[in-house]
There are 2 protein chains.
Amino acid sequence: MKSNLAPLGPKADKATVRRSNLSLVLRTVRDEDEATRAGVAARVGLTRAAVSSLVEQLLDSGFLTESGKTFSGQAGRPGTALKVARTGPAGLGVEINVDYVSVCAVDLAGTDRVRLTERLDNRGVPPADVLARAAGIAARALVRAHAEGLRPVGAALALPGLVSGGAVRQAPNLGWNQVPAEGLFADALAALSADQAPLPVSSENEANLAALAELWFGGLGTVRSFLYLTGETGVGGALVVDGELVRGAHGFAGEIGHVVADARGPRCRCGSRGCLEQYAGQAALLRAAGIDAAGGAAMAELERRAGAGEARAVAAVTEAGRMLGRVLSGAVNLLDPDAVVLGGAYRGLMPWLAPAVDEQLTAGAVSGLWSRDSGRLRSSSVAGDAARGAAALVVRDVLADPVAYAPPVTGRRPARADA
Amino acid sequence: MKSNLAPLGPKADKATVRRSNLSLVLRTVRDEDEATRAGVAARVGLTRAAVSSLVEQLLDSGFLTESGKTFSGQAGRPGTALKVARTGPAGLGVEINVDYVSVCAVDLAGTDRVRLTERLDNRGVPPADVLARAAGIAARALVRAHAEGLRPVGAALALPGLVSGGAVRQAPNLGWNQVPAEGLFADALAALSADQAPLPVSSENEANLAALAELWFGGLGTVRSFLYLTGETGVGGALVVDGELVRGAHGFAGEIGHVVADARGPRCRCGSRGCLEQYAGQAALLRAAGIDAAGGAAMAELERRAGAGEARAVAAVTEAGRMLGRVLSGAVNLLDPDAVVLGGAYRGLMPWLAPAVDEQLTAGAVSGLWSRDSGRLRSSSVAGDAARGAAALVVRDVLADPVAYAPPVTGRRPARADA
């Protein structure tokens, strides 16, 4: 039903077209991993000469590298293989969650090149202190990124709450309300790396970023529309339709943890009753399993007990799966996604969660198109996490307009990869 | 977070560009109601000469008309006003619902020019007979459309169920299962109008089409993302995000009537328990109000009784509103739409429904951004209904590529509107 009715608009000027084509060529090489000029020209529909000129500029600015021969191993005259540079512009992703902070630097190819994760209890700590801690970890990650020849051009924060306009409106599990996270983090990071130009900082809900990481780096295959759930301390959610994140009118879409599973249920931190989080959040799971602790170690213990067949642990996870499945049935009826992806701590619990979730969905999806064999319930890939999604968001901006991120001084072309 | 990363693709040839520009000019005149050649040129960024040539072709093919003067009433040399033609290509919309069939013909301007609605009880009637009845009404509408100088170029069916690939997979309230609706309707219509070329027939869920009609013809103002509910015999739903219908992986998105409001509730026709339809569908509403009848007349009686302050009627509508609000709270947490629009029979019940719905949403929307004063709960416009949406879908195809719908023989330019 979609038809292209957007106005064509005035003609773009030459410089704008060239910028756009530089992005197109760079993204084409990235998508193909390795490409020749001729291959790029065929793919994008520009002349070989135009592509060569664009490639020269991208090589000069350090966005691409080339080697003297292809790696196809076939006989004949070797081509010249283009690749995106493993050095130069990069994105920094900073996930701040209830019980950990994870920072990574991602290069133009999307590879996670630097990773620092620290277990921390961020509950009850003043937000400015949490953000200062995260900035400390980020500063160390920056040093390591620079040592690898990377030049992070921006940082993106992944935060477990309602994020909008640079601030956290509400993050119940952190106890945050109206926290200007971007500004606090940027100031703390600038103070720690005064010798460098300040990094632009953006922010986004962590489930949204984990979903984008799953889309970009996970094993979703042809799936372009899915609902993503993070089983962290809270139950985060995100919605991707046709490969695009649905952010909602205020940026608050995806809050499946606060969809009511049972209106007669226990009171939730959000003020409602019987929210999904009260049944399928980590605290509820651990309580039901009789594990008197919190955080990653406790969740690992739950996995161990369920794996050993301990009845109480299995029952706790199964009941969480039943409530997840109940709420997901409603979401599937509303959205008809290709798939539902369970991430975070749910990944390790899939053997006991999945049957209960699938049973509810098979009964509740009105289309009749859900079954245990449909393969529509998936575990998230380990390759996708919110920090990587955040960093990749910065990289996506670079790929969309490399000229804006060219090196500050005219750089010399880097040495050939095989030189 | 959206950035334009689509490949630019090969250059379009001249004929393709002209076709696209014909569409652009036609849509621009349609959007502005009335425009001069100079105004169109300024708006679309093409030269005055190019626009004049495109306008000539659109006048010759009967898509545009012009008058010798503008109607601005201002002094000075009058301009030549272009308008989309009130004759020529049109769309036929055919809504088949449980207790009525409504057919309309919509012209290029989107105006509902012919309308035939019949109250019919379609329950228990074989699907082929229902579709034949609808074809009979459509055939009469076609005769009237031709008499008005309209030339319907396609028919679209609006159907209350899961519609995909030209067939109704399931329409519980009609009792339909796997009904090849497009084919049955097209054959029946062709048999009734054997003297004419057969009309191409398409089909879509009625709530989806009602939502599009609301988007195109309703009073939504700047709202581009909303959830639309039809209060018919069933509770249909549709989801529009950024001005585009979300159809889902199989075309079955929007089934809010089968989102579970209470897992302990009564059994639903779909096989689940406690679906929203069991509380807010017309049958449930009438039963709760003690009205032993069905259909439009019974709903009018419910409105009358609620308006007279009859306690049982008010309580029935309020309770339906409470359950609607409960399910909508979950949907709003998931989707964060600009607005929720209640259509169909809900429109007349808004005085009693709205307070209950708003109360639930105010308590349940985790963003804290729902309140009775937020204006986010709306009644649908009378201007938008599924039949008009269906017809407008056909018109949209014409506007997207007028060349494909030019008159079969080279037409003479129609007389000037003021001649």
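Mentor: Two residues are in contact if their C-beta atoms, placed from the backbone, lie within 7 Å. The structure is a predicted model, in which local features need pLDDT of at least 70, side-chain atom pairs count only at pLDDT 80 or more, and totals for chains, interfaces and linings use all residues. Residues are numbered from 1 along each chain as its sequence is written, while chains are lettered from A and ligands numbered from 1 in the order in which they are written.

Trainee: How many residues of chain A are in contact with chain B?

Mentor: By that definition, 56 residues of chain A are in contact with 56 residues of chain B. H10(A) (311–335) gives the largest share of this side of chain A, 7 residues. Other elements that each supply at least two residues include H1 (14–32) and H12 (386–400) of chain A. Helices (H or I, at least four residues) and strands (E, at least two) are DSSP runs, numbered from the N terminus.

Trainee: What makes the copies meet through the same surface?

Mentor: Of the interface residues of chain A, 98% are also interface residues in chain B, so the same surface is used by the copies.

Trainee: Why are the two copies said to be related as by a two-fold rotation axis?

Mentor: Copies are superposed by least squares on the C-alpha atoms of residues with pLDDT of at least 70 in both. A rotation of 180° with 0.1 Å of shift along its axis places chain A on chain B, with an RMSD of 0.0 Å. The two copies are thus related as by a two-fold rotation axis. In chain A, Asp262(A) has the C-alpha nearest the axis, 3.6 Å from it.

Trainee: Which strands of chain A stand at the edges of the sheet, and why is one side of each left without a neighbour?

Mentor: The open sheet has 5 strands in the order E13-E12-E11-E14-E15 (chain A), with mixed pairing. E13 and E15 (377–379) of chain A stand at the edges; each has a single partner strand, so one side of each lacks a neighbour in the sheet. Two strands pair if DSSP finds at least two bridges between them. E12(A) and E13(A) have 2 bridges, in the antiparallel sense, and therefore meet this definition.

Trainee: Over which residues of chain A is the pLDDT below 50?

Mentor: pLDDT is the predictor's confidence in each residue, from 0 to 100. Chain A averages 90, and 92% of the residues score at least 70. Residues 1–10 of chain A are below 50, however, and residues 415–419 of chain A stay under 50. Where pLDDT is low, the predicted coordinates should not be read in detail.
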